[in-house]
Amino acid sequence: MTKPIHGALTGALLTAALIAVSYAGWKIAGLPFAPFDVFDWIVRLLPGPFVTRVIEINVLIARAIGVSSIGATTKAGDQVIALTGLVVTGAVSGALLFIVLQLSNEPAVLFGAILGAILGSLSLIAETHLKRLPMHPLATGAWVMATWIGWGISFGWVHDRLHDVLAADDPRAETRDGTSRTTRRRFLVRLSASTLSFTAATAILGALAGRRGRLATGARWSDSHALPNEASLVTPVRGTRAEFTRLEDHYRVDTNTRAPQLDVDSWRLTSGGLVDRPCTLTLADLRALPATHQFITLSCISNPVGGDLIGTSRWSGVSLQRILPALAVKPSATHLKLTSADGFFEVVALDAVRSDPRIMLAYDWDGIPLSTEHGFPLRLYVPDLYGMKQPKWIVGIDALDYWVPGFWVARGWDKEGHVATTAAVDTAVRRGSVIEVGGFAYAGARGISRVEVRADQRGWQPAEIREPLSDTTWVIWRAEFDLPEDPHRFEARAFDVHT
Ligand SMILES: Nc1nc2c(c(=O)[nH]1)N[C@H]1C(S)=C(S)[C@@H](COP(=O)(O)O)O[C@H]1N2
Ligand SMILES: [Mo]
């Protein structure tokens, strides 16, 4: 007789194979990757405070184990949880189905196909809900469905094969000489080996295809330009984080285990709401308008003091002021609501747009188009606010005559999202009897007026401040202490122009 444990093993193995097939489909043909999408959908359904706690705990864990990138580690953590969760779900469904099948004489393939169709439908609900079937929804939806039904049919087939293997042996033979056990074991070993090698081969294929896709880039602005504060006499202490963050090193934070991949040819920025007439703009339309370039520090509200969920680049885009005429908002409108391809959204007050030309829709970072992870093709910038207020992957703008809470605000986060003034010690280097201490300070668009540093909780002393890259970036500071002995503990604090 087949046992639930056989079902669990079969379920786990076939789910691993399903993950590999979906992964290859994603990397080779840009098809939806249901394993991550289902996870993201479930996370969106969970209560905001719970999700917030989990994020905080993740950041704490990443910090405690001292990883080199908090953003990348927590994202990888999400991915591992999503995949493990799916394999466990596959194992549990497998065990349950084997129990059900013991009670029935119908071919297991039928049951498997039905179970596959049910799980496939759930995946499709997740995909449509997250709008992740952007191109050819029918074909891509059929792919998701087909992978799950294929999973179910294979499952049923394995069940019946195993059933035959077990029935072919006289149950009493097992007690006499163990033949049945050997045949069964041989079958299970062969099943595991073939499924796992198929999984590995498919996953490698997908990974190779994915690597090829990522190479497309262009000449970066920073490759051929010096920073505007190059001549500053205040130079960073060795070990201070880079003042201009390399694109590869910029943190990534969003609610997507898999970033939305938007196709530039079919992408449109669509306006609606309180407008005289809705309009659609292509990326070329936006690029044809006069560009705004601005050095910008972006920080996540979840960044721990001294953490790396903060980075600085040169953003290029078009000031929102410049597209107001095209949007043709009605006089009664007070806010613009920006909607992202992943369902994320935020509002920005029209008064702010009209008075601050720095509020922009950005399409380039460091002179090259935004990467998929960082919001290709278009993201918002609003000075002085945390990243939670700055949607990536923008697809829509609606004019409203009221304020609505944004995605994170609706989940209990800070309503305004203004960045807090912060300072961090990055490095302390001994040079003879002197210790050089360095770090950065950041106060959004308010500007840092003063940074103070102290050693071992003694008196605060002023640090030297390097000219910032712009009025919306962090500043690099340095200080020197005459301290012949080691070790010491340094702390920094910063003041913005208002304090
Ligand atoms: N569409 C969308 N935009 C988003 C988010 C998101 O989940 N979805 N996360 C926000 C948060 S919390 C931060 S900190 C920044 C991070 O931008 P980055 O990943 O490019 O560094 O993106 C913001 N924009
Ligand atoms: Mo964030």
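Visitor: Which residues do ring pairs link into a cluster?

Guide: Welcome! This is a predicted model, and in it ring pairs join Phe344, Phe345, Phe407, Trp408 and Trp413 into a cluster.

Visitor: How many aromatic pairs does the count come to?

Guide: The general idea is that a pair of aromatic rings is described by the distance of the centres and the angle of the planes. In this model the count comes to 19 aromatic pairs. Take Trp221 and Phe244 as a worked case: their ring centres are 6.1 Å apart and the planes stand at 40°, so this pair is tilted.

Visitor: Is Trp221 buried or exposed? And is Phe244 buried or exposed?

Guide: To read such values, keep in mind that buried means under 20% relative accessible area. Trp221 has 13%, so Trp221 is buried. Phe244 has 12% and therefore also counts as buried.

Visitor: Which residue lies over the face of Phe345?

Guide: That is Lys337, at 4.8 Å from the ring centre. Phe345 is also one of the members of the cluster we began with. There is another ring with a charge over it: Trp403 has the charged end of Lys415 above it, 4.8 Å from the ring centre.

Visitor: Let us turn to the ligand. Which residues come nearest to ligand 1?

Guide: There are 21 residues around ligand 1, and the nearest of them are Tyr251, Asp342, His374, Arg379 and Lys392. For polar contacts, look at pairs of N or O atoms. His374 places a polar side-chain atom 2.6 Å from an oxygen atom of ligand 1. From the side chain of Arg379, an N or O atom is 2.7 Å from a ligand oxygen. Val253 takes part through its backbone, with an N or O atom 3.0 Å from an oxygen of ligand 1.

Visitor: How much of the accessible area of ligand 1 does the protein cover?

Guide: The cover is 100% of the 530 Å² that ligand 1 has on its own.

Visitor: Now the strands. In what order do the four strands of the open sheet come?

Guide: The order is S11-S12-S16-S15, with antiparallel pairing. S15 pairs with strand S16 (residues 475-482) over two bridges, in the antiparallel sense. On the residue level, Glu464 has Arg478 in S16 as its bridge partner.

Visitor: What is the phi of Trp393, and what is that of Asp456?

Guide: For Trp393, phi is near 50°, a positive value in a residue other than glycine. Trp393 is found in the loop between S9 and strand S10 (394-400), and its relative accessibility of 1% means that Trp393 counts as buried. Asp456 has a positive phi of about 50°, although it is not a glycine either. Asp456 lies in the loop between strand S13 (448-455) and strand S14 (461-462). With a relative accessible area of 27%, Asp456 is partly exposed.

Visitor: One last stop: where does Ser93 lie, and what does its side chain reach?

Guide: Ser93 lies in helix H4, and its side chain reaches the backbone oxygen of Thr89 at 2.5 Å. Ser93 is buried, at 15% relative accessible area. In contrast, Asn105, in the loop between helix H4 (70-102) and helix H5 (108-129), counts as exposed at 82% relative accessibility.

Terms used
Residues are numbered from 1 along each chain as its sequence is written. Chains are lettered from A and ligands numbered from 1 in the order in which they are written. This is a predicted model: local features need pLDDT of at least 70, side-chain atom pairs count only at pLDDT 80 or more; totals for chains, interfaces and linings use all residues. Side-chain values use heavy atoms; hydrogens and water are left out. Rings of Phe, Tyr and Trp (its six-membered ring) pair if their centres lie within 6.5 Å; planes under 30 degrees apart count as stacked, over 60 as edge-to-face and the rest as tilted. Buried means under 20% relative accessible area, exposed over 50%, partly exposed in between (1.4 Å probe, protein chains only). A charge sits over a ring if NZ of Lys or CZ of Arg is within 6 Å of the ring centre and within 35 degrees of the ring normal. A residue is near a molecule or strand if one of its heavy atoms lies within 4 Å of it. A polar contact is a pair of N or O atoms within 3.5 Å; within protein, one must be able to donate a hydrogen and the other to accept it, and residues adjacent in sequence count only if both atoms are side-chain atoms. Accessible areas come from the Shrake-Rupley method with a 1.4 Å probe; for residues, only the protein chains shown count as cover. Two strands pair if DSSP finds at least two bridges between them.
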